[in-house]
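Please open the structure in the viewer and keep the selection tool at hand. The tour below moves from one selection to the next.

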Amino acid sequence: MEFKLSEDLIAIKEMARAFSEDELMPNASEWDEKELFPVEKLKKSAELGMAAIYVDEKFGGTGLNRLAAALIFEELSRGCVSTSAFLSIHNMVAWMIDSHGTDKIRKKYIPKLSSMEWVSSYCLTESGSGSDAAALKTTARKKGNSHYVVNGSKSFISGGPTSDVYAVMCRTGDNSSNGISCLLIEKGTKGLSFGKKEKKLGWNSQHTSSINFDNCEVPLDNLVGNEGDGFKLAMKGLDGGRVNIAACSIGGANLAIESALDYTSERKQFGKYLNEFQVTQFKLADMATNLEASKLMVYKAASSIDNKDKNATSQCAMAKRFATDTCFQICDEALQIHGGYGYLKDFPLERLIRDLRVHKILEGTNEIMRLIISRNLIKKSRD
Ligand SMILES: Cc1cc2nc3c(=O)[nH]c(=O)nc-3n(C[C@H](O)[C@H](O)[C@H](O)COP(=O)(O)OP(=O)(O)OC[C@H]3O[C@@H](n4cnc5c(N)ncnc54)[C@H](O)[C@@H]3O)c2cc1C
């Protein structure tokens with residue numbers, strides 16, 4: 001077991017940290033306040049290889065592994081959680097196309113996605129099917145030998161109208177999870193429309209909206225994988241997505257602890273610096289310990305995907321559940337340590353709490369993570 005990062009991984013982490021501090025951190029508060037989607041900054045991140053991190057180099061991906069991606073998202077989210085989390089979804093779609101698409105669609109989409117000339121969204125959730133994602137109702141029916149005709153609607157889509165291509169899970173077969181396929185639908189397709197921009201607690205630097213498909217004609221070539229593979233592909237994508245979202249929680253918690261360390265060394269009450277009170281010292285110690293535990297779980301889960309470990313799905317679910325819960329608590333404790341000032345927008349704590357809160361809900365809620373973990377535990381005990 002190796003607990004030391006290689007020279008290459010250290011260099012990658014430092015590159016992401018520098019980008020995050022220069023390009024994201026100074027703007028995160030304004031993007032949150034004004035609900036601005038920083039697409040130009042995302043394109044700059046793409047120039048450094050951060051838009052298709054674990055995509056094969058053949059068509060323009062960066063060709064790194066999942067551990068490298070986790071380290072990158074940890075650093076980026078220290079600068080802006082919301083923007084980094086969006087980039088993680090874009091990376092997930094790029095990987096789905098690269099790993100399961102034909103050479104024809106890889107060649108068409110990967111160069112555009114890796115440069116972020118095109119931005120992508122992942123479309124699984126519907127109004128009637130969230131946790132029970134396999135119950136989705138959007139249909140894709142074949143029309144002749146050239147097209148599918150897609151009808152239905154997706155909810156809560158990160159990116160919404162600001163994206164250029166959508167990986168849409170739709171029903172091409174029976175009502176089971178084997179009846180679901182993944183289609184790429186481009187913006188501008190006739191019959192594609194968007195709902196209102198959702199007003200959210202956090203993740204304000206990215207749009208969220210519903211997407212509607214009204215007799216959208218989509219070329220048969222835009223099928224990713226085989227017909228019926230869509231649900232498995234969507235779930236495989238989410239294994240990595242969960243690691244990345246957990247890494248985004250770690251970055252946020254890192255910043256919260258840094259802020260708490262600074263603040264408690266400057267603020268005096270009762271004639272003492274806050275960090276001279278043992279209660280504060282113990283809080284800081286617990287926060288740092290919990291952050292370390294989150295990092296270990298996330299790095300292990302990332303490596304389990306890299307190593308094609310048969311328990312990878314459980315490892316990813318455990319890391320996502322633990323890190324997103326724990327890092328949210330760290331941010332809450334850091335806010336408490338800042339007293340009333342932590343509640344003000346002068347400090348990043350209130351934004352971190354708003355941004356990290358949704359990580360306990362999306363890419364599978366933390367209750368669904370427990371279902372996945374327990375299901376695998378029980379199955380293993382029977383084998
Ligand atoms: C800001 C934001 C961005 C999002 N982005 C995307 C996106 O880009 N693409 C996309 O496809 N989706 C996206 N989602 C959707 C997200 O993945 C879903 O909200 C999530 O999966 C939960 O589904 P739901 O909201 O329908 O909740 P429900 O499934 O209705 O769950 C409600 C509650 O019941 C619990 N619950 C449900 N079933 C069980 C069970 N069997 N056992 C125990 N508890 C259970 C849940 O844990 C939850 O607490 C996004 C959501 C948000 C808020």
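How many residues of domain 1 are in contact with domain 2? The count is 23 residues of domain 1, which touch 21 residues of domain 2; two residues are in contact if their C-beta atoms, placed from the backbone, lie within 7 Å. The model is a predicted one: local features need pLDDT of at least 70, side-chain atom pairs count only at pLDDT 80 or more, and totals for chains, interfaces and linings use all residues. Residues are numbered from 1 along each chain as its sequence is written.

**The domains.** Select domain 1 (7–119), domain 2 (121–228) and domain 3 (231–382) in turn; these bounds come from an automatic or database domain assignment. Taken over C-alpha atoms, the centres of domain 1 and domain 2 are 22 Å apart. On the side of domain 1 that touches domain 2, α2 (28–34), α5 and α6 each supply at least two residues. Helices (H or I, at least four residues) and strands (E, at least two) are DSSP runs, numbered from the N terminus. Helix α5 gives the largest share of that side, ten residues. By class, that side of domain 1 has 16 nonpolar, four polar and three charged residues. Here Ala, Val, Leu, Ile, Met, Phe, Trp, Tyr, Cys and Pro count as nonpolar, Asp, Glu, Lys and Arg as charged, and the others, Gly among them, as polar.

**Helix α3.** Next, select residues 39–47, where Lys-41, Leu-42, Ser-45 and Ala-46 are buried. Seen down the axis of α3, these buried residues fall within an arc of 155°, so they line one face of the helix; the arc is that of the directions from the helix axis to the C-beta atoms. Glu-40 and Glu-47, on the other side of α3, are exposed. A residue is buried if 20 or more other C-beta atoms lie within 10 Å of its own, exposed if 12 or fewer, and partly exposed in between. The cover over the buried residues of α3 includes α1 (7–24), α5 (81–100) and α6 (103–114). Following α3 is Gly-49, with a positive phi near 90°.

**The ligand.** Now centre the view on the ligand, which 22 residues surround; a residue is near it if its C-beta atom, placed from the backbone, lies within 6 Å. The closest are Gly-130, Ser-131, Ser-158, Thr-365 and Glu-367. Domain 2 and domain 3 both give residues to this shell, so the ligand lies between them.
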